[in-house]
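I opened the notebook to record, step by step, what I looked up in this structure. The entries follow the order in which I went through the topics.

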Amino acid sequence: MDLENQARIKKFAEELGAENLVVILGGAEAEAAGLAAETVSAGDPTYAGPLAGVSLGLAVYHVVEDEIKSECDAAVYEEQIGMMEMVLDVDAIKAEVSSIRKQYSKF
Amino acid sequence: MLNGKKVAILGDRDGIPGGAIEAVVATAGAEVVFSTTECFV
């Protein structure tokens, strides 16, 4: 995950309160999405960025997960996400991100 | 779950870009505080 974005997420979590912040991912691949999810919940697994050793425990979801999709307007969702949803390996992404969330998210 | 929450969006140029995620989570009542589209190339 981009080091500047790690710094921004850390700042927002500190300013707004980690319990009030939800991170939504749009990553194309399960592995990359899982790494981003791990970074904002358990800390940077590559130990390269500002979140190295910092377990924010943020709630993190991929936008294709049912928890997010079910709360959004269906027509807008179809228009904005529908095409990519058909192309991406949605099942793998859901499995990876939800697994990370269950292990590391505190909220 | 999203209604009234602050949301940070990490979109992906090769997946779902930040702008598209902003549009859908806004319909759920979330407040977007940060949105970006990362490029992994």
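**Strand pairing between the chains**

I began with the strands, and I noted that β1(A) and strand β1 (residues 6-12) of chain B pair in the parallel sense over 5 bridges, where two strands pair if DSSP finds at least two bridges between them. Within β1(B), I9(B) is the bridge partner of I24(A). I take helices (H or I, at least four residues) and strands (E, at least two) as DSSP runs, numbered from the N terminus.

**What I am looking at**

I remind myself that this is a predicted model, in which local features need pLDDT of at least 70 and side-chain atom pairs count only at pLDDT 80 or more, while totals for chains, interfaces and linings use all residues. Residues are numbered from 1 along each chain as its sequence is written, and chains are lettered from A and ligands numbered from 1 in the order in which they are written.

**Chain B**

I found 1 helix and 2 strands in chain B, and from the N terminus on they run β-α-β. Its C-alpha atoms fill a box of roughly 35 × 15 × 15 Å along the principal axes.

**The side of chain A that touches chain B**

I looked up the contacts between the chains and found 28 residues of chain A in contact with 27 residues of chain B, a contact being two C-beta atoms, placed from the backbone, within 7 Å. On the chain A side, α1 (3-16), β1 (21-25), α2 (30-41) and α4 (74-87) each supply at least two residues.

**V24(B)**

Is V24(B) buried or exposed? V24(B), which I found in helix α1 (residues 18-26) of chain B, is buried because 25 other C-beta atoms lie within 10 Å; the cut-offs are 20 or more for buried, 12 or fewer for exposed, and partly exposed in between, with C-beta atoms placed from the backbone. Leaving out residues up to four places away in sequence, V24(B) touches V63(A), C72(A), V76(A), Y77(A), Q80(A) and I81(A).

**Two helices of chain A**

Finally I checked how α2(A) packs with helix α5 (residues 90-104) of chain A, and found an angle of about 15° with the axes 8 Å apart; axes are lines fitted to C-alpha atoms, for helices over the stretch in contact, and angles run from 0 to 180 degrees between N-to-C directions. The two helices are therefore roughly parallel to each other, since angles under 35 degrees count as such. Among the residues that meet there are A33(A) and A37(A) in α2(A) and V97(A) and I100(A) in α5(A).

Terms used. Angles under 35 degrees count as roughly parallel, over 145 as roughly antiparallel, 65 to 115 as roughly perpendicular and the rest as oblique.
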